[in-house]
Amino acid sequence: MRITITSLLAGLLTVAGLAGCGTPTQIDRIEPRTAPVSFQTYAWGTEVLTGDTGAPAQLVELDTELRRTVGALMQSRGYRQVQSVDSAQMVVEYQIAVIEEEFASEEENESWDAQFDSNAQRGVVELPERSGAPRVTLSVGIGPHNGMPIWGGSATKLMARPEDKNERQRILNKAVGELLKDLPPAS
């Protein structure tokens with residue numbers, strides 16, 4: 001399942017075009033390929049980030065908030081968390097990234113040109129500043145251990161006020177709710 005989540009995240013990292021403070025959240029959901037599966041227990045397949053891992057504090061905080069948001073949604077639908085993926089019926093995998101700046105290649109994205117940087121090298125253009133606001137990309141997948149995810153997807157949103165915890169939580173709640181809206185209640 002890690003490969004699918006990683007490929008979803010990589011696909012979203014290549015997408016450019018979110019600008020301004022009021023940008024909508026870009027959602028890319030997994031389309032279920034199988035009939036609904038009933039389950040009651042889940043475990044985290046992704047280890048929690050900590051400062052000890054060398055991850056930046058902003059990423060550690062977002063990781064904690066995303067984990068809390070997904071856990072609350074799972075609990076509200078009647079699912080019970082277990083500690084081991086071996087004893088869980090489903091596994092929750094996730095990734096979160098903060099993109100401060102991005103480079104695009106003219107050959108890969110011809111809609112971008114040197115208008116943004118007249119001194120740019122041929123073939124590489126730095127995208128314009130977005131008033132210092134980072135873009136957050138997250139991916140969530142729920143599926144059987146070592147299997148393809150059944151529910152989830154990826155979301156990208158420009159965070160105009162990344163220091164505002166309430167704003168971050170509102171964005172995470174909306175994105176996770178949209179990504180997992182087809183997740184049925186526990187049976």
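## Contacts of aspartate 63

Contact here means heavy atoms within 4.5 Å. By that rule, aspartate 63 touches Val48, Leu49, Tyr94 and Ile96, with residues up to four places away in sequence left out of the count. The model is a predicted one.

Aspartate 63 sits in helix α2. The residue is buried yet has no salt bridge. Its nearest side chain of opposite charge is arginine 67, 5.2 Å away.

## Overall architecture

The chain holds 3 helices and 8 strands. From the N terminus on, the order is α-β-β-α-β-β-β-β-β-β-α. Of its 187 residues, 44% are buried.

Contacts reach across the sequence. Take the contacts between residues at least 6 apart in sequence: 78% of them join residues at least 24 apart. The accessible surface of the chain is about 10,000 Å². Carbon and sulfur atoms account for 50% of that surface.

Strand β4 covers residues 90-99. Of its 10 residues, 9 are buried, so the strand is largely enclosed by the rest of the structure.

Two pairings involve β4. With strand β2 (residues 41-44), β4 pairs in the parallel sense over 3 bridges. Here alanine 43 stands opposite valine 91 of β4. With strand β7 (residues 135-143), the pairing of β4 is antiparallel and runs over 9 bridges. Valine 98 has valine 136 in β7 as its bridge partner.

Side chains of opposite charge can pair when their charged atoms come close. Across the whole structure, a search finds 7 salt bridges.

One of them joins arginine 168 to glutamate 61, with the closest N and O atoms 2.9 Å apart. This pair links distant parts of the chain: arginine 168 lies in helix α3 (residues 165-179), glutamate 61 in helix α2 (residues 57-76), and 107 residues separate them. Arginine 168 has a relative accessibility of 4%, so it counts as buried. Glutamate 61 is partly exposed, at 38% relative accessible area.

Arginine 168 also forms a salt bridge with glutamate 65, where the closest N and O atoms are 2.6 Å apart. Again the pair links distant parts of the chain, from glutamate 65 in helix α2 to arginine 168 in helix α3, 103 residues apart. Both glutamate 65 and arginine 168 are buried.

## A charged network around glutamate 167

Glutamate 167 and arginine 161 meet through their side chains in a salt bridge, at 3.3 Å from N to O. Salt bridges that share partners join Arg161, Asp164, Glu167 and Arg170 into one network.

Glutamate 167 has 14% relative accessibility; that is under the 20% cut-off, so the residue counts as buried. Arginine 161 has a relative accessible area of 40%, which means it is partly exposed.

## Charged residues of helix α2

Glutamate 61 of helix α2 bridges to arginine 168. Glutamate 65 of helix α2 bridges to arginine 168 too.

Notes. Residues numbered from 1 in each chain as written. Predicted model: local features only at pLDDT ≥ 70, side-chain atom pairs only at ≥ 80, totals over all residues. Heavy atoms only, no water. Buried < 20%, exposed > 50% of the residue type's maximum accessible area, 1.4 Å probe, protein only. Helix = DSSP H or I, 4+ residues; strand = E, 2+ residues; numbered from the N terminus. Pairing = 2+ DSSP bridges. Salt bridge = Lys/Arg side-chain N within 4 Å of Asp/Glu carboxyl O. Areas by Shrake-Rupley, 256 points an atom, 1.4 Å probe, with all protein chains shown as cover. Lys, Arg positive; Asp, Glu negative; His and termini not counted.
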